[in-house]
Amino acid sequence: MKKLATILTAGMFLVAIPTLALANPVTKSTKNSTYTVFQTDEDKFLIRIPVMGYDKSGLDASMKGNVLTITGTPAKTDMKIVRRGFMPTAFTTSFTFVKNAVVSEVTVNAGMLTIAVTVPLAEDQRTKKITVR
């Protein structure tokens with residue numbers, strides 16, 4: 001179980017985040033990176049990054065070894081901005097996974113970038129159902 005606590009690290013500026021058993025596979029994060037990690041199954045996780053103000057064409061995901069890098073360039077507009085509530089800027093966020101982690105999908109929907117990650121578990125690491133008689 002301890003291996004799952006080190007599934008994911010992110011970025012250049014590293015900050016320790018306490019882990020709660022399997023509930024939080026993130027151990028480090030980029031100083032200015034905002035993301036949330038959800039555990040959807042024993043070996044499946046979703047990482048969600050808010051990307052409001054970015055078009056799908058301005059987002060890029062690439063994998064080299066066990067490092068996933070996400071880059072974003074804000075969408076341009078020809079409209080006159082009267083008031084700006086937030087200012088999207090170009091960003092790069094990197095996630096380093098354990099060697100056996102698999103990024104199965106990266107999608108964007110309604111201003112949220114979602115990264116699906118599977119960490120294959122050995123049979124002895126899986127929860128076993130025991131019948132009570």
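This is a predicted model: local features need pLDDT of at least 70, side-chain atom pairs count only at pLDDT 80 or more; totals for chains, interfaces and linings use all residues.
The largest nonpolar core comprises 18 residues, of which Ile 47, Ile 49, Phe 95 and Ile 115 touch the most other members. At least two residues of this core come from each of strand E5 (44-50), strand E7 (67-72), strand E8 (91-97) and strand E10 (112-118). Beyond the residues up to four places away in sequence, Ile 49 touches Thr 34, Tyr 35, Phe 95, Gly 111, Met 112, Leu 113 and Ile 115.

Two aromatic pairs were identified. In one of them, Tyr 35 and Phe 95 adopt an edge-to-face arrangement, with 5.2 Å centre to centre and 85° between the planes. Tyr 35 lies in the loop between strand E3 (28-29) and strand E4 (36-41), whereas Phe 95 belongs to strand E8, so the pair ties together parts that are 60 residues apart in sequence. Both Tyr 35 and Phe 95 are buried. Tyr 54 and Phe 91 likewise form an edge-to-face pair, at 5.4 Å centre to centre and 90° between the planes. This pair links distant parts of the chain, 37 residues apart, with Tyr 54 in the loop between E5 and E6 and Phe 91 in strand E8. Tyr 54 counts as buried because its relative accessibility is 15%, under the 20% limit. Phe 91, with a relative accessible area of 19%, is also buried.

Asp 43 is buried, with a relative accessible area of 8%, whereas Lys 44 is partly exposed at 35% relative accessibility. Thr 118 is in contact with Asp 43 and Lys 44, as well as with Asn 100, Ala 101 and Val 102, when neighbours within four places in sequence are left aside. Thr 118 lies in strand E10 and is buried, its relative accessible area being 18%. A separation of 7.2 Å was computed between the C-alpha atoms of Thr 118 and Ser 104, which are 14 residues apart along the chain.

Strand E6 (residues 59-64) pairs with E7 in the antiparallel sense over six bridges. Within this pairing, Ala 61 stands opposite Ile 70 in E7. The hairpin of E6 and E7 has two residues between the strands, and Gly 65 takes a positive phi near 65° there.

How values were computed
Residues are numbered from 1 along each chain as its sequence is written. Side-chain values use heavy atoms; hydrogens and water are left out. A nonpolar core is a set of buried Ala, Val, Leu, Ile, Met, Phe, Trp, Tyr and Cys residues joined through side-chain atoms within 4.5 Å. Buried means under 20% relative accessible area, exposed over 50%, partly exposed in between (1.4 Å probe, protein chains only). Helices (H or I, at least four residues) and strands (E, at least two) are DSSP runs, numbered from the N terminus. Contact means heavy atoms within 4.5 Å. Two strands pair if DSSP finds at least two bridges between them. Rings of Phe, Tyr and Trp (its six-membered ring) pair if their centres lie within 6.5 Å; planes under 30 degrees apart count as stacked, over 60 as edge-to-face and the rest as tilted.
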